[in-house]
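I'd like to walk you through one protein structure, so please have a look at it with me.

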Amino acid sequence: MRLIKFYLLLFFAITLSFQSSSQQVAEKRLISQKFVYKTSEVSEVYIVWAINFWKTPEKKFWPKNTYLKDTLAYTQMSHQGDSFYTSFTLPYATRLDYYFLMTKGHHGENINGWDTNRGILYSSDFVDNKVVELRDVKLDIEEPKFSILLLGKQFIILSLFLFPLVFFLFKKRGYPIKSLILSGLLTTAFIYIFLARAEIAELFHKKVSIVLGAVFSDLLWLLLISVLFFPLIYLFRKKIFVRNIVFVTFCAVILSTVLASLLNIEVVKQLGTPFNYKWLYYSDFLKGNDARAGVAKALTKHLQLNLLLLLASYIIISLSISFLLQNLLLSRKWKVMIFSALILFTFMSFYEYKTNYYTIGKVQAPTTAFISSVFYPTGIEELLKTKISDETVQYVSNYHNNFYSSKPDSGHLIDNIILFVSESTPKQLIDIYDSTFKCTPNIKKWSSISKAYTNMYAPIPSTPYSMFTLCSGIFPKIDYKSELRERLQLPVASLPRVLNGNGWETSLFFSSDLRYSNMDEYAKKQSFSTIQDFTTIPCDKKFSTTHSNLDGLNDECLLESYLNWMDKSPSKKKYSVLWTNQTHYPYYTKSETFYTRENDDLNRYLNALHHTDMVFGKLMTELEKRNKLKNTLVIFIADHGEAFSTHDQTIHASRVYEENVHIPCILFNPVIFKKTENKQIHSLVDIDVTITHLLGLEKPQEWQGKSLLEDTPGDRTFFFSPYTDLILGTRDKDWKYIYNADTREDELYNLVSDSKELDNLSYKYPEIVQKEHEILAGWVQYQNKKYSQWKNEKTK
């Protein structure tokens, strides 16, 4: 009996042990489930998820195309037809909590939609492998903001309904004469421009009177057209041929005005101001890569179709209004009412324009803005005529004439210098400066042998100008016209010439097209011994984007060409500029890491910057392999910054805010630097001086910079942007002052308390504004005098 009990107990123990073991095996087992969401309403879907009642999942369980935001994981679902899908592999018995987020509509437009199971949210227990299918029956999409650019179909339907109605009501009175057709075109133009202006200035939620003020400059342009063409129509009423030419010309002008106003909606989104001649010049007359890419991105097929429909509806509605006016103007009472309303409307618009504050770039008429941009801004004349105190004159002169006061101990070790220029890179996106995106791990990896400069500025957010400064050691001329394009012959010793004269070999490797803005000719004149760009660097690694093809290369090819050049004569002293391009708009990369969902352009840019960082890491590794690191100075710097829908701008060249001009600057060498930081304010103009200082070479008198390697008095720099309005600025310690020479507006920011430049304090500290304005005027006068002096010396 005891033996039976013993065997029964043993059997139960084995059974329990087996069940426990099976349970442990099950718990360790991974379960896969595929989630399919079916909808024909959108073109981009994310599944937003977490595990076990909204706990953050470990990164090892993230599917491809996942990023983390506010403890939740966002995974972009793959797309095929009307189905969006992704798969998860999670430990047995894990609970997946999730909902769906929609970010793009049918035509790629941004939307805000979600499916949260009507607020209950979805969940799935991972106890078996399966496919979870859901349909969009609980999908909610926010109504998009009004945009006339999306309403082509609606407007054409309205016009096709309105015209037959008006035509059959009033056709007995005959067809409108040409002056009435002009009136109809003008009236309808104002309606379309009114809607476009309200959208640009974001005033749909405001009173109509506020929008009347915003549209004042457009109204002035339409009145100008009226004053010009109506008298001509009357004067040539008996000369049919001339009158018809005037009529056709008017139609072309007014149609162009409406088209420009509609396109201005997208232009202001990108530039912050209407398109102008200075920007046309900057873009190399639309041959520049960012200009072509920007146009291609904005002018989608969907937008082009809507523009065509809007223009067609504009013509039809104009004819309808012409018939209506012909009928109304038969009555004297209606004539008085219409003209009285027009005068009252104009005065109301003027009053609102004067009494309300409007962002200038959002209320300028695109046609008049373009015409006025051809002329030199009156504000610069005011700066040139401003009376400057002797103290300020001396201060500005001393700022430009710094000379060494010391000699670096380890400069004699350096026989290899690399200027690594990261295209379009703002300081705040580099990890070593505590970027939140963590996309430049290699720069941070090598930071133990670095000195980081936290307040480095580009004099102007432009690649050709930055090349000019990095070669010449002087600030660019304060003008939208480029020294490179205009082929100015300045008596300035360039850094390549100085180094060539002291036995150094020099080279420039450029990932993009040096023909842009005559950079190729300029580089040759600076005596680089080797110059290569995308047309001459052998490379089979190509990139393409949704919006345009790249006039450039994978930046890895840049490194390969440099290493081949360096290895040919390893015993010679070498200076080389490696200028990357993948972080230039429209940003190209093959990687698909999700750093942010807030801005698609920014996410693509961060992937490109990660690739640039990888190329930099390879450069440092190759130098270490060749035992060249100890005697090499590597300078990681940017030519300018980049904006991502900040301060009503994208790309980089239209403003001088921190995102435009505040750039990274990090010096690397294992002997000279040991992870230090410098907070003094510096400029790209300081780079050439730093190199000659380190090498013990004399600084040419024309150079205007100061060495990064010694603490010099005067914690200030200057910068400007001439491509929309002429905007100038200066940074002095904590304060940053910006002056718009076109609109004569002041901005003042305390960058310690307001690093994003959101709170303009110019009204609060007028004494600081006055002081900074005088110093800025002194700098403009000094630069203008220097360039005139160099020009006169050359002509002699």
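When I say that two residues touch, or are in contact, I mean that they have heavy atoms within 4.5 Å. Please also keep in mind that this is a predicted model.

Let's begin with Pro 496. Pro 496 sits in helix H18, residues 495-500. What does Pro 496 touch, if we do not count residues up to four places away in sequence? The partners are Cys 471, Thr 506, Gln 526, Ser 527 and Phe 528. Is Pro 496 buried or exposed? Pro 496 is buried, since its relative accessible area is 1%, and the cut-off for buried is under 20%. Ala 523 is 27 residues from Pro 496 in sequence, with 9.4 Å between their C-alpha atoms.

Now let's zoom out. The protein has 24 helices and 25 strands, and 55% of its 796 residues count as buried. If you take contacts between residues at least 6 apart in sequence, 74% of them join residues at least 24 apart. The accessible surface is about 37,300 Å², and carbon and sulfur atoms account for 58% of that.

On to the inside. In soluble globular proteins, nonpolar side chains tend to be buried together. Here, the largest nonpolar core has 77 residues, and those with the most contacts inside it include Leu 419, Met 467, Tyr 575 and Trp 779. Which helix gives the most to this core? That is helix H24, residues 766-795, with nine residues. As for Met 467, leaving aside neighbours within four places in sequence, its contacts include Leu 508, Phe 510, Tyr 522 and Trp 579. Apart from this core lies another one, of 49 residues, with Phe 155, Leu 212, Leu 219 and Leu 222 among them.

The axes of helix H5, residues 216-235, and helix H6, residues 240-271, come within 10 Å and cross at roughly 170°. That angle makes H5 roughly antiparallel to H6, because angles over 145 degrees count that way. Where they meet, H5 brings residues including Trp 221, Leu 222 and Phe 229, and H6 brings residues including Arg 243, Phe 247 and Val 253. By class, this contact has 11 nonpolar, two polar and one charged residues.

One last stop: Lys 628, in the loop between helix H21 and strand E17. Lys 628 is buried, with a relative accessible area of 12%. Beyond its neighbours within four places in sequence, Lys 628 is in contact with Asp 415, Asn 416, Pro 570 and Leu 623.

Conventions:
Residues are numbered from 1 along each chain as its sequence is written. This is a predicted model: local features need pLDDT of at least 70, side-chain atom pairs count only at pLDDT 80 or more; totals for chains, interfaces and linings use all residues. Side-chain values use heavy atoms; hydrogens and water are left out. Helices (H or I, at least four residues) and strands (E, at least two) are DSSP runs, numbered from the N terminus. Buried means under 20% relative accessible area, exposed over 50%, partly exposed in between (1.4 Å probe, protein chains only). Axes are lines fitted to C-alpha atoms, for helices over the stretch in contact, and angles run from 0 to 180 degrees between N-to-C directions. Angles under 35 degrees count as roughly parallel, over 145 as roughly antiparallel, 65 to 115 as roughly perpendicular and the rest as oblique. Ala, Val, Leu, Ile, Met, Phe, Trp, Tyr, Cys and Pro count as nonpolar, Asp, Glu, Lys and Arg as charged, and the others, Gly among them, as polar. A nonpolar core is a set of buried Ala, Val, Leu, Ile, Met, Phe, Trp, Tyr and Cys residues joined through side-chain atoms within 4.5 Å. Accessible areas come from the Shrake-Rupley method with a 1.4 Å probe; for residues, only the protein chains shown count as cover.
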